[in-house]
Amino acid sequence: MNQVRSKVTAIFSKHPLVANCLTYGTLYTGSELLQQTILRATDDGDRTGYDWESLARFAVLGTAVFPPLMFHWYKFLDARYVGVGAGLVARKVMMDQLIFTPPMIATFFIGMSLLEGKPDITKEFREKALPTFVANLGFWIPAHVINFRLIPPAGRVVYIGICSLLWVNFLCAVKRS
């Protein structure tokens with residue numbers, strides 16, 4: 001077990017962006033897989049298989065789009081606001097929620113619409129962005145207080161990936177509504 005742990009630590013040290021992308025992408029895609037599994041179990045057998053195209057879309061956004069953005073965003077915040085004091089944590093959380101989150105929500109809805117080939121790629125964003133942002137504040141503010149106060153910088157994207165396993169299940173449900 002220690003050998004596995006040391007190899008994982010070495011990968012995160014040598015290739016932090018790649019390791020974070022793969023970890024976050026797995027968790028992000030896993031959210032959609034979990035959502036589909038739950039729907040299959042509760043649909044009285046109406047669903048016959050998994051929607052692999054949807055899983056692929058979540059894999060693209062969850063591996064290639066969001067993790068690099070988060071990786072560099074958290075590096076910026078950590079370099080600009082060094083420390084874990086209450087004031088600094090509050091500043092990081094507010095910046096994350098008010099500056100970084102709105103474009104991320106837009107990227108989710110518009111990116112999914114692009115990947116789905118929808119003719120009006122902003123329609124779903126216009127309809128769902130505000131309620132999603134409000135729900136986001138209730139979930140992510142406490143999660144980010146923990147993130148910026150207790151999680152070491154190298155573990156931030158993975159921690160957010162774990163939280164995202166829950167959050168993206170919510171997004172999957174919103175996407176289906």
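Biologist: What counts as a helix here, and which helix holds Ile105?
Modeller: A helix is a DSSP run of H or I, at least four residues, numbered from the N terminus. The model is predicted. Residues 86-116 form one such run, and Ile105 falls in it. That run is helix H4.

Biologist: Is Ile105 buried or exposed?
Modeller: Buried means under 20% relative accessible area. Ile105 has a relative accessible area of 9%, so Ile105 is buried.

Biologist: Which residues is Ile105 in contact with, leaving aside neighbours within four places in sequence?
Modeller: Contact means heavy atoms within 4.5 Å. With those neighbours left aside, the partners of Ile105 are Phe125, Ala129, Thr132, Phe133 and Asn136.

Biologist: How many Å apart in space are Ile105 and Pro153?
Modeller: In sequence, 48 residues separate Ile105 and Pro153. From C-alpha to C-alpha, the distance is 23 Å.

Biologist: Which side chain joins that of Asp78 in a polar contact of 2.4 Å?
Modeller: Asp78 sits in helix H3, residues 52-80. Its relative accessibility is 15%, so Asp78 counts as buried. Beyond four places in sequence, Asp78 touches Lys92, Pro153 and Arg156. The side chain in the 2.4 Å polar contact with Asp78 belongs to Arg156.

Biologist: Is Leu98 buried or exposed?
Modeller: Leu98 lies in helix H4. The cut-off for exposed is over 50%. Leu98 has 52% relative accessibility, so Leu98 counts as exposed.

Biologist: Which residues make the nonpolar surface patch of about 290 Å²?
Modeller: Patch residues have over 30% relative accessible area. Leu98 is at 52%. The patch of about 290 Å² is made by Met94, Leu98 and Ile99.

Note on methods:
Residues numbered from 1 in each chain as written. Predicted model: local features only at pLDDT ≥ 70, side-chain atom pairs only at ≥ 80, totals over all residues. Heavy atoms only, no water. Helix = DSSP H or I, 4+ residues; strand = E, 2+ residues; numbered from the N terminus. Buried < 20%, exposed > 50% of the residue type's maximum accessible area, 1.4 Å probe, protein only. Polar contact = N/O pair within 3.5 Å; in protein donor to acceptor, adjacent residues only side chain to side chain. Patch = residues over 30% accessible without salt bridge, like charges linked within 9 Å, V, L, I, M, F, W, Y side chains within 5 Å. Areas by Shrake-Rupley, 256 points an atom, 1.4 Å probe, with all protein chains shown as cover. Salt bridge = Lys/Arg side-chain N within 4 Å of Asp/Glu carboxyl O.
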